[in-house]
Amino acid sequence: MKKTLSFALFLFAAAFLFCEEITFSADTMSGRAGSKEDSTKLSGNARVVTETIEITADSIELSGKEFRYVGASGNIKGSYKESNLEFECSELQYDRESKVVILSGDVQLIDKDNEVTAGAQMIEYNSNTDIAVLQIEVSLKQKKNVCTSAYAIYRKKEQMLELNGSAKVVQDDDSFAAQSITFNMDTEEITMDGNVHGSVTDDGTKKPESQAEGGKKELETKEQGENDERPNE
C-alpha cells in the first residue's frame, strides 16, 4: 500500500537502529513502509538532518531498513557537523551505518578547520576516518598552494595529500609536477615520483626546470647565468 502526502512543511523525528535521530522535511512526500524495507521520497525544499550530517536538495529519497540510505539530487548543499566540512554537488548517496557519503557532479568540499577547498567530479568521504577520495578533474586549494591531479586522497587529520595522474603543486611562482606527489600541507614538504619536473623562483630570478624519468627524486635547481654554456647537439 502506498500513501502520498502533500503539505507545506512536514517534520518527523525518531530514533533508529543507528543510535542517532533523523529529522526530515519537504513540501511533498510519498512513502512506503514494510517489514523488509522503508522508502520515502521528499520533494521541494527537501531537508534531512542527523547527528552526523545535514543535507538540503531539490529531492531526497530515504530507503532501506530504518532509512539506512539517503539519496539526493539537484542543488545539493550540506555539512558534516563533527568534521566541520561543507559540500555542494549535483548527486549524493549516503550510508548512515558506514558514515560514507559519495558526492558527484561538480563537487565542492570545504574543510573549514584547515581552510582547504577541494573540487572534483566525484568525492567519497568517510567521516569515521576523515579521509576523502577525489576523482576526475581534481583541484585543491590551501593558502598559497594550488594542487591538481586526476586522482587524490586527502587525509584531513594528518593534513596529507596524495596526488596521482598528472600531479602538480603550484606555490605562488613556484611549480612542481610529477606522475605522483605526496604533499604535507602543514610543513609544505613535497615528495615526487615519476617524470619529476618543476621551476622555482628565488629573489626574482627564475631557475630552470629539473626533470627525471621515473623513480623518486628530489627537485634539483641550478642558477641560470647569462653566459650558460650548452653542449653541442
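Here is a walk through this predicted model, from the overall make-up down to single residues.

Some ground rules come before the tour. Because the model is predicted, local features need pLDDT of at least 70 and side-chain atom pairs count only at pLDDT 80 or more, while totals for chains, interfaces and linings use all residues. Residues are numbered from 1 along each chain as its sequence is written, and side-chain values use heavy atoms, with hydrogens and water left out.

Let's start with the whole chain. It has zero helices and 18 strands; both are DSSP runs numbered from the N terminus, with helices being H or I of at least four residues and strands E of at least two. Of the 233 residues, 43% are buried, where buried means under 20% relative accessible area, exposed means over 50%, and partly exposed is in between (1.4 Å probe, protein chains only).

Now for the strands. S5 (residues 38–49) and S6 (residues 53–64) run antiparallel and are joined by ten bridges; two strands pair if DSSP finds at least two bridges between them. A hairpin of three residues links S5 to S6. Next along, S6 pairs with S7 (residues 69–80), again in the antiparallel sense, over nine bridges. That hairpin has four residues between its strands, and Glu 66 in the turn has a positive phi of about 55°. Across this pairing, Glu 54 stands opposite Ser 79 in S7.

S5 also has S3 as a partner: the two pair in the antiparallel sense over three bridges. S3 is mostly covered, with four of its five residues buried. Thr 23 is in S3, which spans residues 21–25, and Thr 23 counts as buried because its relative accessible area is 17%. Thr 23 and Arg 47 sit 24 residues apart in sequence, yet their C-alpha atoms are 8.1 Å apart in space.

Ile 55 turns up again in the largest nonpolar core, which has 50 residues; Ile 55, Ile 60, Phe 87, Leu 92, Leu 134 and Leu 161 have the most contacts inside it. A core here is a set of buried Ala, Val, Leu, Ile, Met, Phe, Trp, Tyr and Cys residues joined through side-chain atoms within 4.5 Å. Not counting residues up to four places away in sequence, Leu 161 touches a list that includes Leu 140, Cys 147, Tyr 154, Ile 181 and Phe 183. Cys 147 has 1% relative accessibility, so it counts as buried. Cys 89 is buried too, because its relative accessible area is 7%. The structure holds zero disulfides (pairs of cysteine sulfur atoms within 2.5 Å).

What about the aromatics? There are four aromatic pairs in the whole structure; rings of Phe, Tyr and Trp (its six-membered ring) pair if their centres lie within 6.5 Å, with planes under 30 degrees apart counted as stacked, over 60 as edge-to-face and the rest as tilted. Tyr 80 and Tyr 94 make an edge-to-face pair because their ring centres are 6.4 Å apart and their planes meet at 80°. Tyr 80 lies in S7 and Tyr 94 in S8 (residues 85–95), so the pair ties together parts 14 residues apart in sequence. Both tyrosines, Tyr 80 and Tyr 94, are buried. Along with Phe 87 and Tyr 125, they form one aromatic cluster.

Asp 106 is not a glycine, yet has a positive phi of about 50°. Asp 106 is in strand S9 (residues 100–111) and is exposed, because its relative accessible area is 59%. Lys 143, also not a glycine, has a positive phi of about 55°. Lys 143 is in the loop between S11 (131–142) and S12 (145–155), and a relative accessible area of 67% is why Lys 143 counts as exposed.

Methods:
Contact = heavy atoms within 4.5 Å.
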